[in-house]
Structures are given as C-alpha cells and as structure tokens.
Amino acid sequence: LHGRVFFGSTVLMAWPWLSVVGLLLVAYYGTYRLAHHARTVPARGLGLAALVSALLMAVAFLYSSNMSLMLRAHAFGEMTAGGTSGWQWNLADATLAPRYLHMLLGAIAVGAIGLAGLGWLRRRTDPEFATWAMQFGCGWAAGATFVNTVVGSWWLFVLPRDVLLRFMGRDPAAAVALMTGIGFGLVVLALCALGWRARDPAPAVRWAAVAMLATLVAMAITRDQL
C-alpha cells in the first residue's frame, strides 16, 4: 500500500536509516554477551544492558521517523528542495514523539506480558520463579500501559484534523477499531494491576495475555485506518 512513499521517505533519511544495520549488530552482540557473562560481572552487565537498550531505542526512533515521514508524501518536494544529503529526520512532525513513545511503551508492555506468560507456563515446575515472573511482568505491563493511555491520547489529538474526525465518528470502522483497542487496553491494565499484587496471579496473567492479543489486533487495524 505504501511502497512508493516508503522508498521515498527512506531516501530522504538515507544515512540514519542505513545505520540501523550497524546499531542492531552491536545491540545483538551485547545481548549475547549479556546472556553469557552478565551473572559473573554484575556491574558491567548492568552497563551493557543499558547500552543495548539505548541502541534498540535508537532503532525504534529511526523506524518511527521513517514510518511517520512516509505518511507526509505531500512534504517530500519541499524537503528535497532543502537538500538531498540523506539526513532528513522528520523532527518537525508533531506526531513523531507520541508515535515513538506509544510504540516503545507498547513494546515494554508486550515484553512484560511475555515474561508473565513464561512464569504462567512454569507455575507447576518452578513455582517460586513463576510467581516472581508473573508479578514482575504484571507490574511492568500495568505501568507501561497506564502511561501509554496518556501518550496515546497525545498522539490522537495531534493528528491532522480530518484524520482525527474520522476516529471521532466520521468513519465508523476507524472509530470502532480505536475504541476496541482502548477497551482491551484498559482490560489489560486492570488485570495486570490485579496480578501484580495477587498471591496467585495465574488467572490474571492468562486473561491479560488474551486481552493483550486482542489489543494488538485492534491497534493494527487502527494503524491501517490511520
């Protein structure tokens, strides 16, 4: 659907986009290093974990920049007139910051649910780890989702007026997709908040995972509408 404009935006930010490969290679190396050596050198492992996180956050920013720039094809001519060095960043786009933060917080929530799900799978073979993983995962998922409700609202209200009105009811399909995603997101928040402090978080984790999957499907449809 967006093939032509995606390649156009990629050319405009060519050098930052090409740097993704190098950033990922270093981040992956750091991740493997952590997996094998972090326990033996805790302090160094913490620093390396911070570096890996920063590199992956940089990659996420570059993706958000490109994915938002490609939706502004009407601005390509003006941006090209300003130079073709391949260093365009799309920083003037009001939707870039909330889009980036929304995706980042969503990734944290999904990863936290994944950890909680791992605990749920091990609840019979390793109860101590399972309880910790489910409570820890629920805590992070609840926190990230709570903050994301604010960031998501920010993103919604900086959209162009005609797009915003579609989500406010002018386009029923877009409005229903958005409201469904928000509804399931609030269910995830409530269940994870319960699981975070529950003595037996397994039921909350199971249904939170189902609600998270439904949220992702609804938000993917919302993104298509956008």
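**The largest pocket**

I began with the lining of the largest pocket and found that its largest share, eight residues, comes from α6. A note on ground rules: this is a predicted model, where local features need pLDDT of at least 70, side-chain atom pairs count only at pLDDT 80 or more, and totals for chains, interfaces and linings use all residues. Residues are numbered from 1 along each chain as its sequence is written, and side-chain values use heavy atoms, with hydrogens and water left out.

For my own reference, helices are DSSP runs (H or I, at least four residues) numbered from the N terminus. A pocket is an open set of points on a 1 Å grid over the protein atoms alone, where a 1.4 Å probe fits, with protein on both sides within 12 Å along at least five of seven lines; lining residues have an atom within 4 Å of a point.

I noted a volume of about 780 Å³ for the largest pocket, that is, the space filled by probe spheres set on the points, which are joined across faces, edges and corners. Of its 32 lining residues, His102, Asn148, Gly152, Thr215 and Met219 are the closest to the centre. At least two lining residues come from each of α5 (96–121), α6 (127–157), α8 (172–197) and α9 (202–225).

I sorted the lining by type and got 20 nonpolar, eleven polar and one charged. Here Ala, Val, Leu, Ile, Met, Phe, Trp, Tyr, Cys and Pro are nonpolar, Asp, Glu, Lys and Arg charged, and the others, Gly among them, polar.

Buried means under 20% relative accessible area, with a 1.4 Å probe and protein chains only. This core has 19 residues, and Ile113 and Cys192 have the most contacts inside it. α5, α6, α8 and α9 each give it two or more residues, and α6 gives the most, six.

Apart from it I found another core of eight residues, including Trp155 and Val163.

Which cysteine sulfur is nearest to that of Cys138? I found that of Cys192, 4.4 Å away. That is too far for a bond, since a disulfide needs the two sulfur atoms within 2.5 Å. The structure holds zero disulfides. Cys138 is buried at 1% relative accessible area, and Cys192 is buried at 0%.

Technical notes:
Buried < 20%, exposed > 50% of the residue type's maximum accessible area, 1.4 Å probe, protein only. Core = buried A, V, L, I, M, F, W, Y, C linked by side-chain atoms within 4.5 Å.
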